[in-house]
Amino acid sequence: MVQKLEIKGGIPLAGEVSIGGAKNAALPALAASLLTEEEVVIKNLPEVRDVDTMLQLLEYMGVSYERESDSVVRMKAGAPSEDVAPYEMVKKMRASVLVLGPLTARYGEARVSLPGGCAIGVRPINLHLDGLKKLGAEIEIDHGYVQTRCKILKGAEIEFEQVTVTGTENLMMAATLAEGRTLLDNCAIEPEVTDLANMLVKMGAKIDGIGTRRLVIDGVDKLNGIDYEVIPDRIETGTYIVAGLITGGEITVTNCCPKHLEEVLKKMKEANAVLEIGEDYVRVKHSPELKGTNIKTIPYPGFPTDMQAQFMALMTRAQGTSVITENIFENRFMHVAELVRFGADIVIDGHTAVVRGPSKLIGAHVMATDLRASAGLLLAGLAAENTTVVHRVYHLDRGYEKICRKLGGLGARIKRVP
Ligand code: EPZ
(Lines give C-alpha, C1' and ligand atoms only; values in the text may rest on other atoms or scores of the structure.)
Protein backbone atom coordinates (compact mmCIF):
# COMPACT_ATOMS: atom_id res chain seq x y z
CA MET A 1 0.00 0.00 0.00
CA VAL A 2 1.47 3.33 -1.04
CA GLN A 3 1.76 5.47 2.07
CA LYS A 4 2.03 9.20 2.65
CA LEU A 5 3.42 11.38 5.41
CA GLU A 6 1.26 14.20 6.69
CA ILE A 7 3.15 17.02 8.42
CA LYS A 8 1.73 20.03 10.24
CA GLY A 9 4.56 22.53 9.69
CA GLY A 10 5.83 25.66 11.40
CA ILE A 11 6.67 24.06 14.75
CA PRO A 12 10.20 24.77 16.10
CA LEU A 13 11.67 21.37 16.99
CA ALA A 14 13.06 20.72 20.46
CA GLY A 15 14.65 17.81 22.26
CA GLU A 16 17.11 15.08 21.45
CA VAL A 17 17.38 12.53 18.60
CA SER A 18 19.72 9.54 18.45
CA ILE A 19 21.34 8.61 15.12
CA GLY A 20 21.25 5.05 13.76
CA GLY A 21 23.89 3.06 11.90
CA ALA A 22 24.96 4.24 8.45
CA LYS A 23 22.92 2.62 5.66
CA ASN A 24 25.85 3.01 3.25
CA ALA A 25 28.21 1.29 5.69
CA ALA A 26 25.72 -1.46 6.58
CA LEU A 27 25.11 -2.56 2.98
CA PRO A 28 28.77 -3.35 2.08
CA ALA A 29 29.31 -4.84 5.56
CA LEU A 30 26.42 -7.27 4.97
CA ALA A 31 27.80 -8.16 1.52
CA ALA A 32 31.23 -8.82 3.08
CA SER A 33 29.69 -11.76 4.97
CA LEU A 34 29.92 -13.66 1.65
CA LEU A 35 33.73 -13.59 1.94
CA THR A 36 33.92 -16.16 4.75
CA GLU A 37 32.28 -19.45 5.71
CA GLU A 38 32.44 -18.41 9.37
CA GLU A 39 29.77 -16.52 11.25
CA VAL A 40 29.66 -12.74 10.89
CA VAL A 41 27.68 -10.58 13.32
CA ILE A 42 26.86 -7.02 12.23
CA LYS A 43 25.69 -4.54 14.89
CA ASN A 44 24.20 -1.04 14.84
CA LEU A 45 22.25 -1.85 11.65
CA PRO A 46 19.69 0.85 10.83
CA GLU A 47 16.06 -0.26 10.56
CA VAL A 48 15.73 0.75 6.91
CA ARG A 49 14.20 -0.99 3.90
CA ASP A 50 17.51 -1.31 2.05
CA VAL A 51 18.97 -3.47 4.86
CA ASP A 52 15.98 -5.83 4.59
CA THR A 53 16.43 -5.96 0.80
CA MET A 54 20.14 -6.76 1.12
CA LEU A 55 19.40 -9.56 3.64
CA GLN A 56 16.78 -11.05 1.29
CA LEU A 57 19.26 -10.87 -1.57
CA LEU A 58 22.02 -12.54 0.47
CA GLU A 59 19.62 -15.29 1.51
CA TYR A 60 19.14 -15.90 -2.23
CA MET A 61 22.91 -16.23 -2.48
CA GLY A 62 23.04 -18.96 0.15
CA VAL A 63 23.59 -16.83 3.26
CA SER A 64 21.58 -17.93 6.30
CA TYR A 65 20.87 -15.19 8.81
CA GLU A 66 18.94 -14.47 11.93
CA ARG A 67 18.05 -11.12 13.39
CA GLU A 68 19.12 -11.00 17.04
CA SER A 69 17.39 -7.63 17.42
CA ASP A 70 16.32 -4.71 15.25
CA SER A 71 19.95 -3.69 14.88
CA VAL A 72 21.92 -6.95 15.13
CA VAL A 73 22.10 -9.74 12.55
CA ARG A 74 24.02 -13.02 12.70
CA MET A 75 25.01 -14.38 9.26
CA LYS A 76 26.66 -17.44 7.79
CA ALA A 77 27.51 -17.78 4.09
CA GLY A 78 27.21 -21.50 3.34
CA ALA A 79 27.78 -23.18 0.01
CA PRO A 80 26.96 -21.03 -3.01
CA SER A 81 23.45 -21.25 -4.33
CA GLU A 82 22.82 -21.42 -8.08
CA ASP A 83 20.31 -18.67 -7.61
CA VAL A 84 20.78 -15.42 -9.39
CA ALA A 85 20.25 -12.01 -7.89
CA PRO A 86 16.96 -11.36 -9.68
CA TYR A 87 16.09 -8.15 -11.47
CA GLU A 88 13.09 -7.28 -9.33
CA MET A 89 15.31 -7.36 -6.28
CA VAL A 90 18.31 -5.56 -7.78
CA LYS A 91 16.24 -2.79 -9.40
CA LYS A 92 14.86 -1.98 -5.94
CA MET A 93 18.35 -1.34 -4.70
CA ARG A 94 21.43 -0.57 -6.77
CA ALA A 95 23.70 -1.47 -3.89
CA SER A 96 22.92 -5.09 -4.83
CA VAL A 97 25.95 -4.83 -7.10
CA LEU A 98 28.01 -5.08 -3.92
CA VAL A 99 27.58 -8.88 -4.00
CA LEU A 100 29.49 -9.10 -7.31
CA GLY A 101 32.98 -8.73 -5.88
CA PRO A 102 32.57 -11.04 -2.87
CA LEU A 103 30.74 -13.79 -4.83
CA THR A 104 33.35 -13.79 -7.58
CA ALA A 105 36.23 -13.85 -5.09
CA ARG A 106 34.77 -16.58 -2.86
CA TYR A 107 32.86 -18.84 -5.28
CA GLY A 108 34.56 -18.01 -8.59
CA GLU A 109 31.33 -16.81 -10.19
CA ALA A 110 28.35 -14.50 -9.78
CA ARG A 111 25.20 -13.72 -11.69
CA VAL A 112 23.56 -10.42 -10.82
CA SER A 113 20.97 -8.47 -12.71
CA LEU A 114 22.37 -5.24 -14.07
CA PRO A 115 20.85 -2.50 -11.96
CA GLY A 116 18.77 -0.28 -14.19
CA GLY A 117 19.27 3.43 -13.96
CA CYS A 118 17.51 5.19 -11.18
CA ALA A 119 15.84 8.54 -10.70
CA ILE A 120 19.10 10.42 -10.13
CA GLY A 121 21.00 9.13 -13.12
CA VAL A 122 22.14 6.31 -15.39
CA ARG A 123 24.61 5.11 -12.76
CA PRO A 124 26.56 2.54 -14.82
CA ILE A 125 28.80 -0.06 -13.16
CA ASN A 126 31.50 -0.12 -15.84
CA LEU A 127 34.24 0.74 -13.33
CA HIS A 128 33.21 -2.24 -11.16
CA LEU A 129 33.32 -4.61 -14.15
CA ASP A 130 36.57 -3.23 -15.63
CA GLY A 131 38.23 -3.76 -12.25
CA LEU A 132 36.97 -7.34 -11.89
CA LYS A 133 38.22 -8.02 -15.43
CA LYS A 134 41.67 -6.73 -14.45
CA LEU A 135 41.60 -9.19 -11.52
CA GLY A 136 41.10 -11.99 -14.04
CA ALA A 137 37.32 -12.46 -14.06
CA GLU A 138 35.52 -13.13 -17.34
CA ILE A 139 32.55 -10.82 -17.60
CA GLU A 140 29.54 -11.66 -19.72
CA ILE A 141 26.42 -9.55 -20.05
CA ASP A 142 23.30 -11.13 -21.44
CA HIS A 143 19.61 -10.35 -21.10
CA GLY A 144 20.34 -7.63 -18.57
CA TYR A 145 22.33 -9.91 -16.30
CA VAL A 146 26.04 -9.72 -15.62
CA GLN A 147 27.82 -13.04 -15.19
CA THR A 148 31.35 -13.17 -13.76
CA ARG A 149 33.54 -16.28 -13.89
CA CYS A 150 37.11 -17.00 -12.83
CA LYS A 151 39.19 -19.84 -11.37
CA ILE A 152 41.03 -17.62 -8.95
CA LEU A 153 41.34 -13.87 -8.98
CA LYS A 154 44.88 -12.56 -9.42
CA GLY A 155 46.14 -9.31 -7.90
CA ALA A 156 46.43 -6.38 -10.35
CA GLU A 157 47.03 -2.64 -10.55
CA ILE A 158 43.72 -0.80 -10.97
CA GLU A 159 43.25 2.94 -11.25
CA PHE A 160 39.66 4.25 -11.11
CA GLU A 161 39.14 6.79 -13.89
CA GLN A 162 36.65 8.44 -11.57
CA VAL A 163 35.96 8.15 -7.86
CA THR A 164 33.30 5.50 -7.17
CA VAL A 165 32.16 4.56 -3.66
CA THR A 166 30.66 1.10 -4.29
CA GLY A 167 33.20 0.50 -7.06
CA THR A 168 36.00 0.92 -4.51
CA GLU A 169 34.13 -1.29 -2.02
CA ASN A 170 33.43 -4.06 -4.56
CA LEU A 171 37.02 -4.30 -5.75
CA MET A 172 38.50 -3.98 -2.27
CA MET A 173 36.37 -6.97 -1.17
CA ALA A 174 37.32 -9.00 -4.27
CA ALA A 175 41.04 -8.24 -3.85
CA THR A 176 41.14 -9.57 -0.26
CA LEU A 177 40.90 -13.15 -1.59
CA ALA A 178 42.81 -12.66 -4.86
CA GLU A 179 46.24 -14.26 -5.32
CA GLY A 180 49.00 -11.72 -4.77
CA ARG A 181 48.99 -7.96 -4.45
CA THR A 182 46.32 -5.56 -5.74
CA LEU A 183 46.86 -1.82 -5.98
CA LEU A 184 43.71 0.31 -6.11
CA ASP A 185 44.35 3.93 -7.08
CA ASN A 186 42.02 6.98 -7.01
CA CYS A 187 39.80 5.22 -4.46
CA ALA A 188 36.80 6.79 -2.77
CA ILE A 189 37.61 7.72 0.85
CA GLU A 190 34.08 8.17 2.20
CA PRO A 191 33.87 7.12 5.88
CA GLU A 192 31.77 4.11 4.81
CA VAL A 193 34.63 2.89 2.59
CA THR A 194 37.06 3.22 5.49
CA ASP A 195 34.57 1.43 7.77
CA LEU A 196 34.42 -1.53 5.36
CA ALA A 197 38.24 -1.64 5.10
CA ASN A 198 38.49 -1.74 8.91
CA MET A 199 35.95 -4.57 9.01
CA LEU A 200 37.84 -6.57 6.36
CA VAL A 201 41.14 -6.14 8.26
CA LYS A 202 39.40 -7.43 11.38
CA MET A 203 38.36 -10.47 9.29
CA GLY A 204 42.04 -11.07 8.51
CA ALA A 205 42.43 -9.13 5.25
CA LYS A 206 45.72 -7.37 4.54
CA ILE A 207 44.96 -3.78 3.49
CA ASP A 208 47.38 -0.85 3.62
CA GLY A 209 46.60 2.82 2.99
CA ILE A 210 43.16 2.76 4.63
CA GLY A 211 41.66 6.26 4.51
CA THR A 212 43.78 7.27 1.50
CA ARG A 213 43.03 7.11 -2.22
CA ARG A 214 45.69 4.39 -2.69
CA LEU A 215 44.91 0.96 -1.21
CA VAL A 216 47.43 -1.90 -1.28
CA ILE A 217 45.75 -5.27 -0.70
CA ASP A 218 47.64 -8.57 -0.29
CA GLY A 219 45.28 -11.49 -0.92
CA VAL A 220 44.85 -14.19 1.74
CA ASP A 221 43.50 -17.74 1.46
CA LYS A 222 40.52 -17.18 3.69
CA LEU A 223 38.89 -14.65 5.98
CA ASN A 224 37.52 -15.32 9.45
CA GLY A 225 34.17 -14.40 10.95
CA ILE A 226 33.83 -11.41 13.27
CA ASP A 227 31.48 -9.16 15.22
CA TYR A 228 31.38 -5.71 13.65
CA GLU A 229 29.54 -2.48 14.55
CA VAL A 230 28.91 -0.07 11.68
CA ILE A 231 29.53 3.70 12.03
CA PRO A 232 26.71 6.21 12.63
CA ASP A 233 24.89 7.58 9.58
CA ARG A 234 26.42 10.96 8.67
CA ILE A 235 23.60 11.79 6.22
CA GLU A 236 20.88 11.05 8.76
CA THR A 237 22.88 13.27 11.15
CA GLY A 238 23.01 16.14 8.64
CA THR A 239 19.32 15.73 7.86
CA TYR A 240 18.27 16.13 11.50
CA ILE A 241 20.59 19.11 12.01
CA VAL A 242 18.82 20.77 9.06
CA ALA A 243 15.46 19.87 10.65
CA GLY A 244 16.51 21.79 13.77
CA LEU A 245 17.75 24.78 11.77
CA ILE A 246 14.92 25.01 9.23
CA THR A 247 12.26 25.07 11.98
CA GLY A 248 14.20 27.60 14.09
CA GLY A 249 14.35 25.05 16.90
CA GLU A 250 16.94 23.92 19.42
CA ILE A 251 17.78 20.21 19.23
CA THR A 252 20.64 17.85 20.11
CA VAL A 253 21.64 15.15 17.64
CA THR A 254 23.37 12.39 19.61
CA ASN A 255 25.17 9.10 18.92
CA CYS A 256 26.73 10.57 15.78
CA CYS A 257 30.21 11.26 14.38
CA PRO A 258 30.54 15.01 13.58
CA LYS A 259 34.04 14.56 12.13
CA HIS A 260 32.43 12.62 9.22
CA LEU A 261 30.41 15.73 8.41
CA GLU A 262 33.04 18.49 8.61
CA GLU A 263 32.32 20.16 5.26
CA VAL A 264 28.55 20.20 5.90
CA LEU A 265 28.96 21.67 9.38
CA LYS A 266 31.39 24.24 7.99
CA LYS A 267 28.85 25.34 5.35
CA MET A 268 26.07 25.51 7.95
CA LYS A 269 28.22 27.80 10.13
CA GLU A 270 29.02 29.89 7.04
CA ALA A 271 25.24 30.28 6.73
CA ASN A 272 25.13 31.68 10.32
CA ALA A 273 23.95 28.46 12.01
CA VAL A 274 24.87 28.36 15.71
CA LEU A 275 26.11 24.81 16.37
CA GLU A 276 27.80 23.30 19.39
CA ILE A 277 29.90 20.38 18.12
CA GLY A 278 30.98 17.62 20.53
CA GLU A 279 32.76 14.29 20.09
CA ASP A 280 29.54 12.37 19.40
CA TYR A 281 26.81 15.03 19.31
CA VAL A 282 25.83 18.28 17.61
CA ARG A 283 23.62 20.82 19.38
CA VAL A 284 21.61 23.17 17.18
CA LYS A 285 21.04 26.49 18.98
CA HIS A 286 18.72 29.33 18.13
CA SER A 287 20.38 30.91 15.11
CA PRO A 288 20.02 34.42 13.68
CA GLU A 289 18.46 34.63 10.22
CA LEU A 290 20.45 32.25 8.03
CA LYS A 291 22.29 33.68 5.07
CA GLY A 292 22.55 32.32 1.54
CA THR A 293 25.61 30.06 1.04
CA ASN A 294 27.07 28.39 -2.06
CA ILE A 295 27.88 24.65 -2.17
CA LYS A 296 29.38 22.31 -4.76
CA THR A 297 28.98 18.56 -4.28
CA ILE A 298 32.21 16.58 -4.72
CA PRO A 299 33.55 13.24 -3.41
CA TYR A 300 34.53 13.07 0.29
CA PRO A 301 35.88 15.00 2.08
CA GLY A 302 33.95 17.59 0.02
CA PHE A 303 30.28 18.46 0.44
CA PRO A 304 28.34 15.17 0.00
CA THR A 305 25.81 14.90 -2.82
CA ASP A 306 23.54 13.02 -0.38
CA MET A 307 23.12 16.26 1.60
CA GLN A 308 22.45 18.52 -1.42
CA ALA A 309 18.63 18.36 -1.37
CA GLN A 310 18.47 18.87 2.39
CA PHE A 311 20.82 21.88 2.25
CA MET A 312 18.82 23.35 -0.65
CA ALA A 313 15.62 23.12 1.40
CA LEU A 314 17.41 25.00 4.20
CA MET A 315 18.66 27.71 1.82
CA THR A 316 15.07 28.51 0.74
CA ARG A 317 14.73 29.99 4.25
CA ALA A 318 18.06 31.88 4.14
CA GLN A 319 18.46 35.59 3.35
CA GLY A 320 20.11 36.10 -0.06
CA THR A 321 21.28 33.92 -2.89
CA SER A 322 22.69 30.37 -2.75
CA VAL A 323 24.34 28.76 -5.77
CA ILE A 324 24.13 24.95 -5.51
CA THR A 325 26.20 22.88 -7.95
CA GLU A 326 25.66 19.11 -8.27
CA ASN A 327 28.79 17.50 -9.71
CA ILE A 328 28.24 13.82 -8.93
CA PHE A 329 24.94 12.84 -10.53
CA GLU A 330 23.47 14.14 -13.76
CA ASN A 331 19.90 14.43 -12.56
CA ARG A 332 19.75 15.17 -8.88
CA PHE A 333 17.51 18.23 -8.90
CA MET A 334 14.13 16.48 -8.90
CA HIS A 335 13.32 18.05 -5.54
CA VAL A 336 13.56 21.57 -7.06
CA ALA A 337 10.18 21.54 -8.83
CA GLU A 338 8.56 20.25 -5.65
CA LEU A 339 10.26 22.86 -3.44
CA VAL A 340 9.02 25.56 -5.82
CA ARG A 341 5.49 24.28 -5.19
CA PHE A 342 6.00 25.14 -1.50
CA GLY A 343 6.75 28.69 -2.67
CA ALA A 344 10.54 28.55 -2.93
CA ASP A 345 12.37 30.67 -5.53
CA ILE A 346 14.80 28.30 -7.30
CA VAL A 347 16.05 28.41 -10.88
CA ILE A 348 17.98 25.53 -12.46
CA ASP A 349 20.72 26.16 -14.99
CA GLY A 350 22.30 22.81 -15.97
CA HIS A 351 24.18 21.40 -12.98
CA THR A 352 23.51 24.51 -10.95
CA ALA A 353 20.46 25.65 -9.02
CA VAL A 354 20.18 29.24 -7.78
CA VAL A 355 18.07 29.67 -4.65
CA ARG A 356 16.83 33.10 -3.61
CA GLY A 357 15.48 33.51 -0.10
CA PRO A 358 13.97 33.76 2.30
CA SER A 359 10.72 32.44 0.83
CA LYS A 360 7.58 31.87 2.82
CA LEU A 361 6.85 28.14 2.48
CA ILE A 362 3.23 27.02 2.38
CA GLY A 363 2.37 23.36 2.86
CA ALA A 364 1.55 21.38 -0.28
CA HIS A 365 1.04 17.89 -1.64
CA VAL A 366 4.45 16.81 -2.97
CA MET A 367 5.87 13.69 -4.57
CA ALA A 368 9.03 11.98 -3.40
CA THR A 369 11.27 10.73 -6.20
CA ASP A 370 14.48 9.48 -4.60
CA LEU A 371 15.70 8.97 -1.09
CA ARG A 372 17.43 12.27 -0.44
CA ALA A 373 15.04 14.42 -2.51
CA SER A 374 12.26 13.10 -0.25
CA ALA A 375 14.27 14.17 2.78
CA GLY A 376 14.48 17.68 1.32
CA LEU A 377 10.70 17.79 0.87
CA LEU A 378 10.09 16.49 4.39
CA LEU A 379 12.33 19.26 5.78
CA ALA A 380 10.49 21.93 3.77
CA GLY A 381 7.21 20.51 5.11
CA LEU A 382 8.45 20.84 8.70
CA ALA A 383 9.15 24.54 8.08
CA ALA A 384 6.12 25.33 5.91
CA GLU A 385 2.87 26.76 7.23
CA ASN A 386 -0.23 24.56 7.16
CA THR A 387 -0.10 20.91 6.20
CA THR A 388 2.20 19.09 3.82
CA VAL A 389 1.60 15.61 2.43
CA VAL A 390 4.65 13.78 1.04
CA HIS A 391 3.55 11.01 -1.34
CA ARG A 392 5.47 7.76 -2.10
CA VAL A 393 7.11 7.73 1.29
CA TYR A 394 8.71 4.34 0.58
CA HIS A 395 11.63 6.32 -0.84
CA LEU A 396 12.24 7.76 2.62
CA ASP A 397 11.80 4.39 4.34
CA ARG A 398 14.72 3.04 2.31
CA GLY A 399 17.22 5.18 4.17
CA TYR A 400 15.63 6.80 7.23
CA GLU A 401 14.65 4.65 10.22
CA LYS A 402 11.65 5.36 12.44
CA ILE A 403 11.00 8.78 10.87
CA CYS A 404 7.68 9.51 12.60
CA ARG A 405 8.97 8.35 15.95
CA LYS A 406 12.22 10.33 15.72
CA LEU A 407 10.65 13.55 14.38
CA GLY A 408 7.65 13.13 16.70
CA GLY A 409 10.12 12.88 19.58
CA LEU A 410 11.37 16.33 18.56
CA GLY A 411 7.86 17.76 18.71
CA ALA A 412 7.02 17.55 15.01
CA ARG A 413 3.35 16.95 14.15
CA ILE A 414 3.85 14.12 11.64
CA LYS A 415 1.92 10.95 10.88
CA ARG A 416 1.83 8.22 8.28
CA VAL A 417 -1.43 8.02 6.35
CA PRO A 418 -2.44 5.28 3.90
C1 EPZ B 1 27.18 5.62 -3.38
O2 EPZ B 1 26.57 5.29 -4.59
C3 EPZ B 1 26.05 5.80 -2.37
N4 EPZ B 1 25.33 4.52 -2.22
C5 EPZ B 1 25.11 6.91 -2.85
O6 EPZ B 1 24.14 7.09 -1.85
C7 EPZ B 1 25.91 8.20 -3.00
O8 EPZ B 1 25.07 9.20 -3.50
C9 EPZ B 1 27.08 7.97 -3.96
O10 EPZ B 1 27.90 6.87 -3.50
C11 EPZ B 1 27.98 9.19 -4.10
O12 EPZ B 1 28.49 9.52 -2.83
C13 EPZ B 1 25.86 3.56 -1.45
O14 EPZ B 1 26.94 3.70 -0.89
C15 EPZ B 1 25.06 2.30 -1.31
P16 EPZ B 1 29.43 6.24 -7.16
P17 EPZ B 1 27.48 4.73 -5.81
O18 EPZ B 1 29.81 4.94 -7.78
O19 EPZ B 1 28.63 3.97 -5.29
C20 EPZ B 1 29.60 7.28 -11.78
C21 EPZ B 1 22.00 7.26 -1.00
O22 EPZ B 1 21.22 8.20 -1.08
N23 EPZ B 1 30.00 5.87 -11.97
O24 EPZ B 1 30.37 6.88 -6.18
O25 EPZ B 1 26.56 4.08 -6.79
C26 EPZ B 1 28.18 7.39 -11.27
O27 EPZ B 1 27.27 7.35 -12.34
C28 EPZ B 1 22.78 6.82 -2.20
O29 EPZ B 1 22.24 6.62 0.05
C30 EPZ B 1 30.29 5.43 -13.26
O31 EPZ B 1 30.20 6.18 -14.23
O32 EPZ B 1 28.02 6.09 -6.43
C33 EPZ B 1 28.18 8.71 -10.55
O34 EPZ B 1 27.96 9.75 -11.48
C35 EPZ B 1 22.29 7.54 -3.44
N36 EPZ B 1 30.66 4.13 -13.43
C37 EPZ B 1 29.60 8.82 -10.00
O38 EPZ B 1 30.38 7.86 -10.74
C39 EPZ B 1 30.77 3.24 -12.39
O40 EPZ B 1 31.13 2.08 -12.60
C41 EPZ B 1 29.72 8.48 -8.52
O42 EPZ B 1 29.05 7.26 -8.33
C43 EPZ B 1 30.47 3.73 -11.08
C44 EPZ B 1 30.10 5.04 -10.90
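**Figure 1. The two domains of the predicted model.** The domain assignment of the protein divides the chain into domain 1, which is made of residues 4-20 together with 232-417, and domain 2, which covers residues 23-229. The structure shown is a predicted model, and in this model the C-alpha centres of domain 1 and domain 2 are 30 Å apart. To the contact between them, domain 1 gives 25 residues and domain 2 gives 21 residues.

**Figure 2. The interface of domain 1 and domain 2.** Between them, the two domains bury about 1,900 Å², and 50% of this area is on carbon and sulfur atoms. On the side of domain 1, the residues that lose the most area to domain 2 are Arg234, Tyr300 and Arg398, which together make up 31% of what that side buries. Four salt bridges are found across the interface of domain 1 and domain 2, and eight residue pairs are found there in polar contact. On the side of domain 1 that touches domain 2, the elements giving two or more residues are α12 (371-383) and α13 (394-397). The residues of that side are nine nonpolar, five polar and eleven charged ones.

**Figure 3. A salt bridge in close-up.** The side chain of glutamate 192 forms a salt bridge with the side chain of arginine 234, with a distance of 2.8 Å from N to O.

**Figure 4. The surroundings of the ligand.** The ligand is surrounded by 21 residues, of which Asn126, Thr164, Thr166, Asp306 and Ile328 are the closest. In the side chain of asparagine 24, an N or O atom lies 3.0 Å from an oxygen atom of the ligand.

**Figure 5. Two cis peptide bonds.** The peptide bond that leads from tyrosine 300 to proline 301 is cis, with an omega near 10°, and proline 301 sits in the loop between β17 (295-297) and α10 (308-315). The peptide bond from glycine 357 to proline 358 is also cis, with omega near 0°, and proline 358 is found in the loop between β20 (352-357) and β21 (365-367).

**Figure 6. Two asparagines with positive phi.** Although asparagine 186 is not a glycine, its phi is positive, at about 65°, and this residue lies in the loop between β10 (181-185) and α7 (191-202). Asparagine 272, another residue other than glycine, has a positive phi near 80°, and its place is in the loop that runs between α9 (262-270) and β15 (274-277).

Notes. Residues numbered from 1 in each chain as written. Predicted model: local features only at pLDDT ≥ 70, side-chain atom pairs only at ≥ 80, totals over all residues. Heavy atoms only, no water. Domains from an automatic or database assignment. Contact = heavy atoms within 4.5 Å. Buried area = accessible area lost by both parts, 1.4 Å probe. Polar contact = N/O pair within 3.5 Å; in protein donor to acceptor, adjacent residues only side chain to side chain. Helix = DSSP H or I, 4+ residues; strand = E, 2+ residues; numbered from the N terminus. Nonpolar A, V, L, I, M, F, W, Y, C, P; charged D, E, K, R; others polar. Near = heavy atom within 4 Å.
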